[in-house]
Amino acid sequence: MAEPNILGLGLLYVGAVLFVNAIYILGYTSSRDAAVMNLFTGGLTFLNAIYFAFVGETAFAAAQTLLFSFTYLWVFVEFWWERESMRALGWYCLFVAICAAPTGILTFSSLPILGIIWETWAYLWFVFFLFMGLELDIPKETAYSTMGVALLTWAYAYYILAFSGTPI
């Protein structure tokens, strides 16, 4: 299990970047504006993964965290250079969804709420696969799904950081 403050710190910004990306999908900000938050969150979660790998966690915790890091760093590149096609990123999201689904099941036995959140992330990464990889015309569904998962992730992170220090 990840050290609670590091977990909460990373997830707080995952919630924030998901919110910003939802706003981008809805057309309320530019890709370059959204790119900054993706770079920051991708970098932060990458540093968290390094911590998990070398300070007190396992390669599994680091690998789970890197799923997020590479997603947001890749989104940064796509957004910053205003690339038109994100199909390869969409296919990567399918890989991540396939990794996240069993992670939710494994996590559920020790941290039920986090297990459920992993399943919502798996769902969201699958939606990104449909939206970007298969280029389905579902921008509003993608944006609102992203917004919902952003709020769930933020609430869980805030709880960990502000109230208990221990994930539930």
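Predicted model: local features only at pLDDT ≥ 70, side-chain atom pairs only at ≥ 80, totals over all residues.
1. The model has 1 cavity of 30 Å³ or more. The space in the largest cavity comes to about 50 Å³. Its lining is made of Leu18, Phe68, Tyr72, Trp121, Leu124, Trp125 and Phe128. By class, that lining has 7 nonpolar residues, no polar ones and no charged ones. Rolling a probe the size of a water molecule over the atoms shows where empty space is left.

2. **Helices around the cavity.** Which helices each supply at least two residues of the lining of the largest cavity? They are helix H3 (59–80) and helix H5 (112–133). H5 gives the largest share of this lining, with 4 residues.

3. **The second largest pocket.** This pocket holds about 350 Å³ of space. It is lined by 18 residues, and the closest to its centre are Tyr24, Phe79, Met86, Phe131 and Met132.

4. **Helices around the pocket.** Helix H1 (4–25), H3, helix H4 (87–108) and H5 each bring at least two residues to the lining of the second largest pocket. The largest share comes from H3, with 4 residues. H3 and H5 also each supply at least two residues to the lining of the largest cavity.

5. **Met132.** This residue lies in helix H5. It is among the residues closest to the centre of the second largest pocket. Is Met132 buried or exposed? Met132 counts as buried, because its relative accessibility is 13% and the limit for buried is under 20%. Leaving out residues up to four places away in sequence, Met132 touches Met86, Arg87, Leu89, Gly90 and Cys93. Met132 and Ser85 are 47 residues apart in sequence, yet their C-alpha atoms are 7.8 Å apart in space.

6. **Cysteines.** The disulfide count is 0. A disulfide is a covalent bond between the sulfur atoms of two cysteines. The cut-off for a disulfide is sulfur atoms within 2.5 Å.

7. Cys93 has 1% relative accessibility, so it counts as buried. Cys99 has 24% and therefore counts as partly exposed. Cys93 is also one of the residues touched by Met132.

8. **Thr107.** This threonine sits in helix H4. Its relative accessibility is 11%, so Thr107 counts as buried. Apart from neighbours within four places in sequence, Thr107 is in contact with Gln64, Pro112, Leu114, Gly115 and Trp118.

9. **Helix H2.** Helix H2 covers residues 31–56, which is 26 residues. At 1.5 Å a residue it should span 38 Å. Its end C-alpha atoms are 36 Å apart, so the two values agree. Buried residues in H2 include Ser31, Ala34, Ala35, Met37, Asn38, Thr41 and Gly42. Leu44, Thr45, Asn48, Ala49 and Phe52 are buried there too.

10. **Helix H5.** The same check can be run on H5. Its 22 residues should span 32 Å at 1.5 Å a residue. The end C-alpha atoms are 30 Å apart, which agrees. H5 is followed by Glu135, whose phi is positive.

11. **Positive phi angles.** Most residues other than glycine have a negative phi. Glu82 is not a glycine, but has a positive phi of about 45°. Glu135 is not a glycine either, and has a positive phi of about 55°.

12. Glu82 is in the loop between H3 and H4. With 51% relative accessibility, Glu82 counts as exposed, because the limit for exposed is over 50%. Glu135 is in the loop between H5 and helix H6 (139–164). Its relative accessible area is 47%, so Glu135 is partly exposed.

Definitions and conventions:
Residues numbered from 1 in each chain as written. Heavy atoms only, no water. 1 Å grid on protein atoms, 1.4 Å probe; cavity = no way out; pocket = protein on both sides within 12 Å on 5 of 7 lines; lining within 4 Å. Points joined across faces, edges and corners; volume = space filled by probe spheres on them. Nonpolar A, V, L, I, M, F, W, Y, C, P; charged D, E, K, R; others polar. Buried < 20%, exposed > 50% of the residue type's maximum accessible area, 1.4 Å probe, protein only. Contact = heavy atoms within 4.5 Å. Expected span 1.5 Å × (residues − 1).
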